[in-house]
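Please look over the sequence and the structure shown here before reading the report that follows.

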Amino acid sequence: MSVREFVVLGTASQVPTRHRNHNGYLLRWDGEGILFDPGEGTQRQMLRAGVAAHDINRICVTHFHGDHSLGLAGVIQRINLDRVPHPVTAHFPASGRRFFDRLRYATAYRETVRLAEKPVAADGVLADTPSYTLEARKLSHPVEAYGYRLTEPDGRRMLPEKLAAHGIAGPDVGRLQREGALNGVTLDEVSEVRRGQRFAFIMDTRLCDGVHALAEGCDLLVIESTFLDEDVRLATEHGHLTAGQAARVAADAGVRHLVLTHFSQRYSDPSEFERQARAAGFEGELTIARDLMRVPVPKRT
């Protein structure tokens, strides 16, 4: 049975707190795991969340600020220590290669796993697999940053009443799906397009074209909301979003489930992020992220 869920490992921004670890997130997508922005302490948070090194197939780093990348050294060494049996691919801004190299080889260890480096230098598709297409879009932050979007290919949904009307049942349904036609009945006549699921991960950024492109039509959008709306000047100055800005992006994009995360340590009441997101007009499912929580990808409509 396929599993599609988002595991939150840490939700703090620059400074961790007693209750919030630095960033770290794992997307489980069927048989693969994509680790996003492993900040300091990610390896321990993985243990607490029941995430193993064997679960990681890709690592996606949005940018090279410490709260999004200092955990790389430990995670990469753990992948090698545990002798993960499959190749792992790492995506990161190409301009930060020197930081990636330093973190990858921060200390001595024995390399046992093939880690493929595929840096991101421009907007575009990073990987195209049978299960998903992974693409990146440039964001607006003081250092080069990219957001990531995962799109499942569209499929077909069979319509039982139309199948019955044409007398198609049992193994013949499978034949029709494989061959596209059966006894003069085409697949289009007894099915409809099933829209593929969409997920996006947007961290440190001001509002920009990349934010809107990544969020468009997402079933699950994970997006930073470092500041509350009253501190919008600080957000813009430091290259971040407010809760209201993030929620308006989600509302305009038709997002089904919005996850807000990456909170400044200056705020002690998480409910205020929810209040401001609702006030901004987002009416879909809303989650204010907490460390070690799991968020399922919404079921298809």
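At roughly what angle do the axes of helix H9 and helix H10 cross?

## Helices H9 and H10

In this predicted model, the axes of helix H9, which covers residues 243-253, and helix H10, which covers residues 271-279, cross at roughly 45 degrees and come within 8 Å of each other. Angles from 65 to 115 degrees count as roughly perpendicular and those under 35 degrees as roughly parallel, so H9 is oblique to H10. The crossing of these two helices is right-handed, and the contact is made by Ala243, Gly244 and Ala247 on the H9 side and by Phe273, Gln276 and Ala277 on the H10 side.

## Arginine 198

Arginine 198 lies in strand E14, which spans residues 198-202. Arginine 198 is buried and yet has no salt bridge, the nearest side chain of opposite charge being that of aspartate 154, 4.4 Å away. A salt bridge would need a separation within 4 Å.

Leaving aside residues up to four places away in sequence, arginine 198 touches Arg149, Leu150, Thr151 and Asp154, together with Glu216, Gly217, Cys218, Asp219 and Leu220.

## Threonine 205

Threonine 205 is found in the loop between E14 and helix H7, the latter covering 209-215. With a relative accessible area of 0%, threonine 205 counts as buried, because that term applies to values under 20%. Residues up to four places away in sequence are again not counted, and the contacts of threonine 205 include Leu139, Ser140, His141, Val211 and Glu224, as well as Gly239, His240 and Leu241.

Arginine 83 is 122 residues from threonine 205 along the chain, and the C-alpha atoms of the two are separated by 35 Å.

Conventions
Residues numbered from 1 in each chain as written. Predicted model: local features only at pLDDT ≥ 70, side-chain atom pairs only at ≥ 80, totals over all residues. Heavy atoms only, no water. Helix = DSSP H or I, 4+ residues; strand = E, 2+ residues; numbered from the N terminus. Buried < 20%, exposed > 50% of the residue type's maximum accessible area, 1.4 Å probe, protein only. Lys, Arg positive; Asp, Glu negative; His and termini not counted. Contact = heavy atoms within 4.5 Å. Axes fitted to C-alpha atoms, helices over the stretch in contact; angles between N-to-C directions. Parallel < 35°, antiparallel > 145°, perpendicular 65-115°, else oblique. Left-handed = near helix turned anticlockwise from the far one by under 90°.
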